[in-house]
Amino acid sequence: MRNLQLQFEDENYPVWIGVRCLDEIISNLCEIRASSYHLISDRTVSQLHAGVLCQQLSTQTLANLWVVGNGESFKSLKTVEHLAQQMVEAGIDRGSVIVAVGGGVVGNLAGLIAALLFRGIRLVHVPTTLIAAADSVASLKQAVNLSVGKNLMGCFHKPTAVLIDLNFLRTLPAAQIRSGMYEIIKNALTVATENIPLLESGLKSDANYSDTELMVIVEAGLLAKQKVMKADKCERKEALIFEYGHTVGHAIELAAEGRVPHGEAVGLGMIVAAEVASRLGRLSEADQSLHHRLLRRNGLTVRLPAGVTVAAVMSLLRTDNKRGYVSARPDQVAMILLDSLGVPAGPVGKPLILVDASLVQSCIEDCLIGIKDVAVEESPQ
Ligand code: NAD
């Protein structure tokens, strides 16, 4: 397995990446020497991968599998409390390890349980989606949702290790691979512009990537985040840039009630952010066009998802979790914008711009209800 060490100021942890490496994952887990292992997974992943992992791990040590429902609606304090209660009844102790086997939802949920149980026990991520493998495991943030907004209840908790078997990603539907690729595109547009040529030539709308390509994509995702997060472990300064596209994206994701993958919502959020920056005279036409080209190449339909209204999105924007970083009037939205590719708008260390809500609304209406069509010039290949 390949090894990367992720650094977050004074904290670090290893990421091991391999293909068809279940045995190595099990021996890595056993080396941690936990009093018991508590795998948390969702319904789909438990049947595909976590069940087998737990079964094989149980031949060597004490392991339990806890299964939650699929999707964002289970990323809640209710699930945290319910699971923690059951785990305590089953004998979990301070020497136990929580193992998150699943996508970003399971990772965040398990991360928060590990952080809160006994005021903090060890956590290992075994990510099974591209978003989780290439993005969310490279963060100390753990959070669950409230009905009024995403990721509003949480804390920071460092995993002990991240163990990735790219073979687990093989069972993902193409839409979920594309969902992860939106975060990789976001990283390229914001902090890793050197990856843009790779994306220009390598993005596939059918999301059919080889093991070697997936390895490159996952490493590129993790290393892009590292560029900034090694000096901002709490993601409250420069690393806020990774929230690019997330202001409107989170609102769309919540309004769609689980029907739109996280990354796709962020893709739509980036379309709106680029339009806002363009109207404010910040982003050039060519850079905006690149946004559209990469996102469409990854299969994005530039349209508000069915059943999602502009009014619902605007209302949800009022509870965005970036509120308070800068003091905004009720009719303003704090957004991450770009001045150009790789250059965040706003003061150094606080890449946030206050935008009139009416401008955001107009950009959503024009870009996502289909009035405005941005030219998508083909790049020279
Ligand atoms: P997810 O965990 O809901 O997974 C998406 C779907 O894929 C689910 O239905 C799941 O059952 C299914 N799935 C997972 N692995 C599979 C596999 N190998 N084969 C087949 N199906 C599989 O969502 P996600 O897109 O992985 O993550 C999104 C979540 O991650 C959001 O809640 C977001 O807030 C969070 N996130 C957190 C951070 C962070 O910094 N902590 C960063 C990015 C995203």
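Analyst: The side chains of D10 and K233 form a salt bridge, N to O at 2.9 Å. D10 sits in the loop between β1 (2–8) and β2 (11–18), and K233 in the loop between α8 (211–229) and α9 (246–255), so the pair ties together parts 223 residues apart in sequence. Keep in mind that this is a predicted model.

User: What makes the D10 and K233 pair a salt bridge?

Analyst: The cut-off is 4 Å between a side-chain nitrogen of Lys or Arg and a carboxyl oxygen of Asp or Glu. The N to O distance for D10 and K233 is 2.9 Å. This is within the limit, so the label holds.

User: Is D10 buried or exposed, and how do you know?

Analyst: Exposed means over 50% relative accessible area. D10 has 61%, so it counts as exposed.

User: And K233, buried or exposed?

Analyst: Buried means under 20%. K233 has 16% relative accessibility, so K233 counts as buried.

User: How many salt bridges does the rule give?

Analyst: The count comes to 21. Among them is the pair R20 and D211, with the closest N and O atoms 3.1 Å apart. R20 lies in the loop between β2 and α1 (22–31), and D211 in helix α8. These two are 191 residues apart, and the pair links distant parts of the chain.

User: Why is R20 called exposed?

Analyst: R20 has a relative accessibility of 55%. The label needs over 50%, so R20 counts as exposed.

User: Which residues are linked in a network of salt bridges?

Analyst: The network links D135, E183, K186 and K225.

User: Now the ligand. How many residues surround it, and which are the closest?

Analyst: The ligand is surrounded by 26 residues. The closest are D42, E72, T128, T129 and T171. The shell divides into six nonpolar, 14 polar and six charged residues.

User: Which element gives the most to the shell?

Analyst: That is α2, with four residues. At least two shell residues come from each of α2 (43–58), α4 (104–116), α5 (130–136) and β8 (149–156).

User: How much of the ligand does the protein bury?

Analyst: Taken alone, the ligand exposes 860 Å². The protein buries 90% of that.

User: Last one. Why is L317 called buried?

Analyst: L317 has a relative accessible area of 5%. L317 is placed in helix α12 (residues 310–317). Leaving out residues up to four places away in sequence, L317 touches T247, V248, A251, V333 and V360. L317 and G149 are 168 residues apart in sequence, yet 8.7 Å apart in space, C-alpha to C-alpha.

Conventions: Residues are numbered from 1 along each chain as its sequence is written. This is a predicted model: local features need pLDDT of at least 70, side-chain atom pairs count only at pLDDT 80 or more; totals for chains, interfaces and linings use all residues. Side-chain values use heavy atoms; hydrogens and water are left out. A residue is near a molecule or strand if one of its heavy atoms lies within 4 Å of it. Accessible areas come from the Shrake-Rupley method with a 1.4 Å probe; for residues, only the protein chains shown count as cover. Ala, Val, Leu, Ile, Met, Phe, Trp, Tyr, Cys and Pro count as nonpolar, Asp, Glu, Lys and Arg as charged, and the others, Gly among them, as polar. Buried means under 20% relative accessible area, exposed over 50%, partly exposed in between (1.4 Å probe, protein chains only). Contact means heavy atoms within 4.5 Å.
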